[in-house]
Amino acid sequence: LKTEGRELHGRPVQAEEDASKVGPQDLVIVALKAHSQPAVARDIAQLLAPGGVALFGMNGVQWWWRYGRPDAGPLETIDPGGALWRAIGPGRALGGVVNSSNQVIEPGVIVHTGSKRWTIGEPDGSMSERAQRVADLFNAAGMEGVVTGDIRREVWRKLMTNISGNPIAGLTRLTAREMHEVKGLDAVAKALIAEALIVAKADGSELDLPMEGLTW
């Protein structure tokens with residue numbers, strides 16, 4: 001990992017295909033994409049010690065989204081059949097929003113180019129001791145761990161960046177730098193953000209994100 005003028009080297013202490021060989025853990029960080037998570041729900045649950053917690057660091061609406069709401073229950077589109085909801089349970093989950101720019105320049109070599117913030121929050125909106133302990137671990141490791149009492153709002157805030165850039169990059173095959181140089185794409189990006197803000201508000205998160213003067 002190349003970061004801030006330094007080069008850090010690391011290797012896993014233990015790597016296993018079978019979760020039962022690892023043993024119970026106080027903290028499990030899940031960095032899989034949403035569509036890959038239900039298939040390993042039991043493995044994640046098996047890794048958790050009594051009182052352990054799983055931190056899900058992913059973009060977008062997460063599987064525990066309805067926890068604490070009148071319509072509490074699994075989201076079929078994200079958690080088919082409620083695999084994560086039943087095996088892990090939202091009471092043993094923490095939501096995570098990752099703000100960090102990195103590039104894999106070759107196998108095993110990653111260049112960190114900006115930000116290293118992990119925002120951590122309880123699905124029920126509480127400010128818990130366990131969430132703070134996890135944030136403290138990140139801070140001790142040289143990253144920025146922050147606890148929030150409204151993790152859904154932070155998910156939506158991060159999504160504004162994803163929504164404004166990722167679809168355009170996917171359709172045009174342009175890099176972020178190249179997109180900024182194409183006249184008219186900024187208007188498309190702002191339109192995507194404006195629509196996403198409406199959806200966020202309908203979900204209960206009204207973001208203070210003025211469109212005037214917004215840089216993309």
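Which residues does H112 touch, not counting those up to four places away in sequence? They are L1, K2, T3, S100, S101 and N102. Contact here means heavy atoms within 4.5 Å.

This is a predicted model: local features need pLDDT of at least 70, side-chain atom pairs count only at pLDDT 80 or more, and totals for chains, interfaces and linings use all residues. Residues are numbered from 1 along each chain as its sequence is written, and side-chain values use heavy atoms, with hydrogens and water left out.

**H112.** This residue sits in strand β6, residues 109-121. Strands are DSSP runs of E, at least two residues; helices are runs of H or I, at least four; both are numbered from the N terminus. H112 counts as buried because its relative accessibility is 14%. Buried means under 20% relative accessible area, with a 1.4 Å probe and protein chains only.

| Side chain | Backbone oxygen of | Distance |
|---|---|---|
| H112 | G114 | 3.4 Å |
| H112 | S115 | 2.5 Å |

**Cores.** A nonpolar core is a set of buried Ala, Val, Leu, Ile, Met, Phe, Trp, Tyr and Cys residues joined through side-chain atoms within 4.5 Å. The largest has 31 residues. I44, F56, W63, I88, W156 and M160 have the most contacts inside it. Elements giving two or more residues to this core include β3 (25-30), α1 (41-47) and β4 (48-57). Helix α4 gives the most, five residues. Beyond its neighbours within four places in sequence, I44 is in contact with V28, V30, A54, F56 and I88. Another core lies apart, with ten residues, among them W118, A131, V134 and V147.

Key: Buried < 20%, exposed > 50% of the residue type's maximum accessible area, 1.4 Å probe, protein only. Polar contact = N/O pair within 3.5 Å; in protein donor to acceptor, adjacent residues only side chain to side chain.
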